[in-house]
Amino acid sequence: MRIVVPMKAVPDLVEEIELTEDETGIDREYLTFVLNEWDAQALEEALLLRDASGAEVVTVGLADDPEIDQILYTALAKGADAAVKLTGASLTGASGSAGIRTADRAALLAGYLAAQPADLVITGVQAADDLDGQLSSTLAALLDLPHVSVVVSVEVAGGSVTVRQEFAAGRSHELQVQMPAVIGIQSARQAPRYVPVTRVRQAMQAGGLTELAVSPLVGGGGLVVRRMHRPEAIGQAEMLTGNAADVADQIVRLLRARGQVRG
Amino acid sequence: MVLAEHTGMRVSEGTYELIGKARELASALGGVTEVALLGPRDLLDQLGGAAIVVSVEHPALAEYLPEAYERAMLEVLAQRSPRLLLMSTATIGLDLGAALSVHWDAPLAAYVSALEIDHGAVMATAQILGGKVLAEVELPGERGIATVLGGVFSAAAGQPAGSPEVVHIVPPAELDALRMSLRQVVEAGGGDVDISVADMLVSVGRGIESQDNLEIVLELANALGCPLSASRPVVDAGWLPKTRQVGQSGLKVKPRVYLALGISGAPEHLEGMRNAELIIACNTDPGAPIFRIAHYGTTVDLFDLVPELVDRVRG
């Protein structure tokens, strides 16, 4: 069984996000990029499946994504069997500084998967910047595969998978889905495994990243970004000042006024 | 057009929020509001906020099933050709929105927090990058899809107001040849505490950094005599059970006091706690979106603040 896990780099949200001068995108030049956190969950679920039923796990990234080599080598160090970097039409050029639209990303990945089919494609449920929709169902629609997203566990049984799709307040559905299929992972059955930096460095030295040129399938899209801006500071919190002790005094006073702390 | 969401024979709160907004947009465009109701017809009387309810009935639509909903919605969209389809950014929107966008060939805007008609054009504002950036986008052409964040529009404006016209659509044949099936519905397991009824919550987010550090905030929760809750990353990491999760994919809470520690305030989280009476937020990032809805805030490090609080509460 072949499991493909697409990997995406997203801006590190710990940092301040800068916008481009024309205000239609984020300024990618000075931003730190990290692996989309849900893709880390997707990789973990794929590795758990592989450990249980002996699949081959292939991680795939786009060459135009910042930090993609680091991301793919980390996946190899964690135990992925192969890592592929897709080159092709430069997508950042086509969609400007806004980054790579989901529609374009999906079109390239679909081009790859049409040429090298997978039994299971496992993606992160979403990414912090997927303005034009989520990858898993975009990809599934382009490939005409069944898909289930917001999934918290995947198990393989014969030619199908059993997945748990989660709804608000902890309710969930257990579904049986024929393979090939595309699954969007909310969280893996266990926290993503940790890999020490030395192992990532070893993976880098060993190489093993395959580059592959693909032609994108024609995707949808058509969303027009008019302007991006930071939210206005309406309803801003009143900021408590001073050191930790001062702030603690003020918070306890607020709690006392509400009867939440005695005394 | 609004896609109705329902569980246990009740239409969701979010559906009413969408119907209310759809009525406003329809009146600006000179059109009418339709609701797509997939599954049980018994819910018709709950959807009187729309002018027309488009109903598709089939055994495969009894509960949400991605492929069945997708096929049924594509039939509805082909027959009714709405200008705009509104869905929630909950499971169904995340699961179905982009697939409908491809198959129906319509642009999609995700994480939408505002919608308006500007000189005949459909404009949406999307909250991306954890709410740190707002993107104003246009849905050009004759059709579009918006997946809308919960809690941003008023549910009051979408309540039943009359008897809608009902249009029945014959279910497409694909519903009898699906590549997936529902095996069982799993109701939420009861947790040790019900955070949705707590008077006060100490809530912890990504800023706690590790499971071991939970001990520190747990001590504060114990001192205050209230439960510990968390935002999604803490639960996804497996550090606290799902029953402790506040947010769109967790539980909605409305305590008298909500103490948010190391929570940045992604839209998913804000949806679950924005109605708390008093919100006090602690986050070292002064630009964190949580400060936009908190009443009081501090950028002091939570690891410095929490022990001080414990000392004072314990007296």
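1. A crossing of two helices is called left-handed if the near helix is turned anticlockwise from the far one by less than a right angle, and right-handed if clockwise. Helices (H or I, at least four residues) and strands (E, at least two) are DSSP runs, numbered from the N terminus. With these terms in place, H5(A) passes H3(B) in a right-handed crossing.

2. This is a predicted model, in which local features need pLDDT of at least 70 and side-chain atom pairs count only at pLDDT 80 or more, while totals for chains, interfaces and linings use all residues. Residues are numbered from 1 along each chain as its sequence is written, and chains are lettered from A and ligands numbered from 1 in the order in which they are written. The predictor's confidence in each residue, from 0 to 100, is its pLDDT; chain B has a mean pLDDT of 94, with 99% of its residues at 70 or more. The scores of the model are ipTM 0.91 and pTM 0.90.

3. Chain B brings 80 residues to the contact and chain A brings 74 residues, where two residues are in contact if their C-beta atoms, placed from the backbone, lie within 7 Å. On the side of chain B that touches chain A, helix H3 (residues 91-103) of chain B gives the most, with 10 residues. That side of chain B comprises 43 nonpolar, 20 polar and 17 charged residues. Here Ala, Val, Leu, Ile, Met, Phe, Trp, Tyr, Cys and Pro count as nonpolar, Asp, Glu, Lys and Arg as charged, and the others, Gly among them, as polar.

4. Helix H5 (residues 135-143) of chain A packs with H3(B) at an angle of about 35°, their axes being 7 Å apart. Axes are lines fitted to C-alpha atoms, for helices over the stretch in contact, and angles run from 0 to 180 degrees between N-to-C directions. The residues of the contact of H5(A) with H3(B) are 7 nonpolar, 3 polar and 1 charged.

5. An open sheet of 10 strands with mixed pairing runs in the order S11(A)-S5(A)-S4(A)-S1(A)-S6(A)-S10(A)-S7(A)-S8(A)-S9(A)-S12(B). Two strands pair if DSSP finds at least two bridges between them. The edge strands, S11 (209-213) of chain A and S12 (180-186) of chain B, each pair on one side only. From one strand to the next, the twist averages 30°.

6. Within the sheet, strand S4 (residues 56-62) and strand S5 (residues 82-87) of chain A pair in the parallel sense over 5 bridges, and A:Val58 stands opposite A:Ala82. S7(A) pairs with strand S8 (residues 160-166) of chain A in the antiparallel sense over 6 bridges. In the hairpin of S7(A) and S8(A), which has 2 residues between the strands, A:Gly158 has a positive phi near 65°.

7. Strands also join the chains elsewhere: strand S13 (residues 238-239) of chain A and strand S17 (residues 296-298) of chain B run parallel and are joined by 2 bridges. In this pairing, A:Glu238 stands opposite B:Tyr296.
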